Amino acid sequence: MGFPPRDFYSVVDLAARWDCTHLQILDWALAEKLELRIALADVEFEDGTEASWAVIAPASVRPLFRSYGDAERHVFIRRARPPSCSKALKIIDPAEGVKVLASDVLVTAAEIERFEDENNLVRRVVSGPGAQSRYDWDGFYCEIICRMHDKGLPEKQKELIDDMVEWFLGRSVNGDSPDPSTIRKKIRGFWGRLRPE
């Protein structure tokens, strides 16, 4: 029996998953494209609400993820939105607010899935025990099969390679793509059978 899927990812985990910077994730949250949360323990809000987690304002944790200079080691969150509320409330206990480290800033798996679907992001694919592939090769082969079904095989191998570089770039969050020689190696086997010289 395997482990159940994760419900939360830290911003640090998410940056590795998407191969982007922590600050990019914070910027998307500031633009209201992602919702950030923190876990809570023994916290009381101004209306008496107690909660085990709350949504936070991205600006309140941005100092933890500075791209230049020294990032703050922690911040204190004094306002957050508990799950039962439509707006942020003041935290009254603890009086100083909730101490938050960079690793405490979370995004739900559902929020990640929604964001990936809306932005056509391809998740990194696990290709062996614990190993992650830098590129989505399963998606790559699926795309080639669909293209061949819809448009047929291009006349020149270079045309297919160029198309697939563009396919990777179109799904990359950081403008990264495998180099053409890597793609050539991946298609060499079937290209030789379909277009024998």
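Guide: Let us start with a term: a nonpolar core is a set of buried Ala, Val, Leu, Ile, Met, Phe, Trp, Tyr and Cys residues joined through side-chain atoms within 4.5 Å. Please keep in mind that this is a predicted model.

Visitor: Which residues touch the most other members of the largest nonpolar core?

Guide: The largest nonpolar core has 36 residues, and Trp 18 and Val 61 are the ones that touch the most other members. At least two residues of this core come from each of α1 (11-18), α2 (22-30), β2 (36-39), β4 (53-56), β5 (75-77), β7 (89-93), β8 (98-100) and α4 (109-118). The element that gives the most is α2, with 5 residues. As for Val 61, leaving aside residues up to four places away in sequence, its contacts are Leu 26, Leu 36, Ile 56, Val 75, Ile 77, Val 100 and Val 105. There is also a second, separate core of 13 residues, with Tyr 135, Met 164, Ile 187 and Trp 191 included.

Visitor: Which residues of α2 are buried, and what covers them?

Guide: The buried residues in α2 are Leu 23, Ile 25, Leu 26, Trp 28 and Ala 29, and their cover includes α1, β2, α3 (58-61) and α4. As a general point, nonpolar side chains in soluble globular proteins tend to be buried together.

Visitor: Why is Thr 108 called buried?

Guide: Buried means under 20% relative accessible area, and Thr 108 has 13% relative accessibility, so Thr 108 counts as buried. This residue is found in strand β9 (residues 106-108), and, not counting residues up to four places away in sequence, Thr 108 touches Asp 7, Phe 8 and Arg 37.

Visitor: What makes Arg 134 exposed?

Guide: The word exposed is kept for a relative accessible area over 50%, and because Arg 134 has 53%, Arg 134 is exposed. Arg 134 lies in the loop between β11 (131-132) and α5. Although Arg 134 and Ser 177 are 43 residues apart in sequence, their C-alpha atoms are 9.3 Å apart in space.

Visitor: What makes α5 oblique to α6?

Guide: The axes of helix α5 (residues 137-151) and helix α6 (residues 157-171) come within 11 Å and cross at roughly 130°. Angles under 35 degrees count as roughly parallel, over 145 as roughly antiparallel, 65 to 115 as roughly perpendicular and the rest as oblique, so α5 is oblique to α6. Their crossing is right-handed, and by class the contact has 7 nonpolar, 1 polar and 3 charged residues.

Visitor: How do you know whether α1 is roughly parallel or roughly antiparallel to α4?

Guide: The angle between α1 and α4 is about 30°, with the axes 13 Å apart. Angles under 35 degrees count as roughly parallel, so α1 is roughly parallel to α4. In this packing Leu 14, Arg 17 and Trp 18 of α1 meet Ile 112, Phe 115 and Glu 116 of α4, a contact with 4 nonpolar, no polar and 2 charged residues.

Notes:
Residues are numbered from 1 along each chain as its sequence is written. This is a predicted model: local features need pLDDT of at least 70, side-chain atom pairs count only at pLDDT 80 or more; totals for chains, interfaces and linings use all residues. Side-chain values use heavy atoms; hydrogens and water are left out. Buried means under 20% relative accessible area, exposed over 50%, partly exposed in between (1.4 Å probe, protein chains only). Helices (H or I, at least four residues) and strands (E, at least two) are DSSP runs, numbered from the N terminus. Contact means heavy atoms within 4.5 Å. Axes are lines fitted to C-alpha atoms, for helices over the stretch in contact, and angles run from 0 to 180 degrees between N-to-C directions. A crossing is left-handed if the near helix is turned anticlockwise from the far one by less than a right angle, and right-handed if clockwise. Ala, Val, Leu, Ile, Met, Phe, Trp, Tyr, Cys and Pro count as nonpolar, Asp, Glu, Lys and Arg as charged, and the others, Gly among them, as polar.
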